[in-house]
Amino acid sequence: MEWLAALTAGGLAGIGMWLLLDRNLIRVVLGVAILGNAINLGVLTSGRFSGTDAAFVTATTVPADPANPLPQALVLTAIVIGFGLFAFALAVLKSVRESHGITTTDRVTEVTEEPAPDAEEVGLQVHQDDADVHHNEGQPEGLEVRR
Amino acid sequence: MNTLVVAPVVVPLLTMLVGVMLRPHHQHVKVVSVIGAIVLVLVGIRLVVLADAGVVLSAQLGGWQAPYGITLVIDRLSAAMVAITGVIGLATVLYGLVREGNPDVLRNFHVFVHGLLAGVCGAFITGDIFNLYVWFEVLLIGSFALIALGGGKRRLAGTMTYLVLNLLATLVFLLSAGLIYSATGTLNMGELGLIFRSGEVPPAATLAVVMMLVSFAIKAALFPVFGWLPASYHVAWTPVSALFAGLLTKVGVYAMIRIVTLVWPEYGAAHEVLLWVACATMLVGVLGAAAQNEVRRILSFHIVSQVGYMILGLALASPLAIAGAVFYLIHHIVVKANLFFIGGIAARLTGSERLAGMGGLYAKTPWLAILFAIPALSLAGIPPLSGFWAKFVLVKASLADGFWWAAGVALLTGIFTLLSMSKIWNETFLKAHPQGEAAIRTDVEVRWGWWAVSGLAALTVLIGLGAGPVMAYAVAAAEQLAQPVSYFEAITHPGGR
């Protein structure tokens, strides 16, 4: 059973890495998500799949063949955290794509390498280009590339 | 259970919660934020005083004995890190007390900062590898929210880079935690240390620990995996990048120091690799800085280069070198955050962050020039400031172990650092403003920012002048790292003594 899970984790990790190395930002973010799930499966497998009963001790009974509960607890934590981070990554991805028309990793590098705009440091104004986004709300944004 | 043990985590978390509940009342959130930061500083000072007296606080959370439960341990290194985290947190929220800008964003800033501080403090006090992973994630989500704060094209693009590469590092850490559990059957740092020190180490465990160190290396921005840092730190709002510059890479450095001293107390193959990595990090970082022409981008590359010094101390593995690394860690956090704050003030006064668009500040605000000179000279290692002692100890330790070339690289990096700092000094302070003196704004509201930078500068001078006691503390912390009895005790004496 472990070998099947290990192979699956390895395959998923491979797919995740492949997506991660893509130029398209959507694929990069999906790659992180798939890699995260591959690693979750790996952590679960690392606890071995011995035991068939729930590891739950009551006042009267002790399970005869309990499964290892620790990796399950670890993976549950990791899944919850991973879900939150993935949601945040998607939000940033949406904003970067739809408000600013950045769709590739090369473009991300180009934009961050731009010289700092003057008077940027005067407080924390909401940027004009962000404010514009609100006018578009309600319209179907779709996945078209807007530059 | 001693409540002081959990205070470094509970204080920022409570501050954050109260801040969230007070959301509509922006002024109240700010007051709560400052009070929370002050309490964290006080907790840190109390912990340092206790640790200095030789007390090691520890707790088994939820009453589950080690190695089954989560262990918290506060030794000298942890206590010092918590105290310094409080100081940087306080300086950050003070600097963030500006009125210009979107009030909602300014309020959210305070909430997120305390969320991040909780993660950082948690990482400093935990004695459990999986718990360390959880704290890394807590500080990571806080840092994501902070770096994206305010939005804008350039900032969100930087956030994307920061987000993907940091998530990758954290995933590698999670996998290595799983593999360590698979190979050794424990996630408790103390038990892991005992297994490694017993000499009967499963090869898979060694491999998993190496993998964990790789993920810490990404976090700490070591050569060759530092690329994410200079690509993202300069896009955030000034107090955010100062907070990141001070604390975030240093959490990675702390984790490396903790794990390496625990599992490999003697100089070995891992230390040799680290030594080369440290030298490459110092040089590549400082040379990368030479090619930059914006204040924060120069300073970002210097973070990379300075992290190399700390890893140099760790790699040498002698008690003196480890003490030097601890001293460097304390000195560097204060100095680096302060340089980012001052860079931010200078940028606001001159209206530009590019060196070409700045100038004339020496004539207009000599105080700011002095405040810049203190951390800048300290960073380069000029006596009697804190950076001199930090570098002195590391160079002495390298020469004592016969690594003259490592000492040479450290000194060379110091010279380049001085060159870089004089470049900022010439362009920002000495030369005339390109648009004439009238272009320098005098109506800029810096307010509490002055207190933040003056306080940190005073602390730098204090660490420099009082290097004796600080060094004595660092030496004692290094002794504790070499013989982490407190970590082993929870395993060897379950239920306490």
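Reader: How are H3(B) and H4(B) oriented to each other, roughly parallel or roughly antiparallel?

Author: Angles under 35 degrees count as roughly parallel, over 145 as roughly antiparallel, 65 to 115 as roughly perpendicular and the rest as oblique; axes are lines fitted to C-alpha atoms, for helices over the stretch in contact, and angles run from 0 to 180 degrees between N-to-C directions. In this predicted model, the axes of helix H3 (residues 76–95) and helix H4 (residues 103–125) of chain B come within 9 Å and cross at roughly 170°, and the two helices are therefore roughly antiparallel to each other. Helices (H or I, at least four residues) are DSSP runs, numbered from the N terminus.

Reader: Which residues of H3(B) and H4(B) meet?

Author: Contact means heavy atoms within 4.5 Å, and on the H3(B) side the residues include B:Met81, B:Val82 and B:Thr85, while those of H4(B) include B:Phe109, B:Val113 and B:Leu117. The residues of this contact of H3(B) with H4(B) divide into 10 nonpolar, six polar and no charged, where Ala, Val, Leu, Ile, Met, Phe, Trp, Tyr, Cys and Pro count as nonpolar, Asp, Glu, Lys and Arg as charged, and the others, Gly among them, as polar.

Reader: At what angle do H3(B) and H17(B) cross?

Author: The axes of H3(B) and helix H17 (residues 448–465) of chain B cross at roughly 155° and come within 7 Å, which makes H3(B) roughly antiparallel to H17(B). From H3(B) the contact takes B:Val87, B:Ile88, B:Ala91, B:Leu94 and B:Tyr95, and from H17(B) it takes B:Trp448, B:Gly449, B:Ala452, B:Leu456 and B:Leu459, a set that divides into nine nonpolar, one polar and no charged.

Reader: How much area do chain A and chain B bury between them?

Author: The size of an interface is often given as the accessible area lost when the parts come together. Buried area is here the accessible area (1.4 Å probe) that two parts lose on being put together, summed over both, and for chain A and chain B it is about 4500 Å², with 70% of it on carbon and sulfur atoms. The contact takes 50 residues from chain A and 53 residues from chain B.

Reader: How many salt bridges does the rule find across the interface of chain A and chain B?

Author: The rule asks for a side-chain nitrogen of Lys or Arg within 4 Å of a carboxyl oxygen of Asp or Glu, and across this interface it finds one salt bridge. B:Arg297 forms a salt bridge with A:Glu113, the closest N and O atoms being 2.9 Å apart.

Reader: What conventions apply to the numbering and the values?

Author: Residues are numbered from 1 along each chain as its sequence is written, and chains are lettered from A and ligands numbered from 1 in the order in which they are written. Local features need pLDDT of at least 70 and side-chain atom pairs count only at pLDDT 80 or more, whereas totals for chains, interfaces and linings use all residues, and side-chain values use heavy atoms, with hydrogens and water left out.
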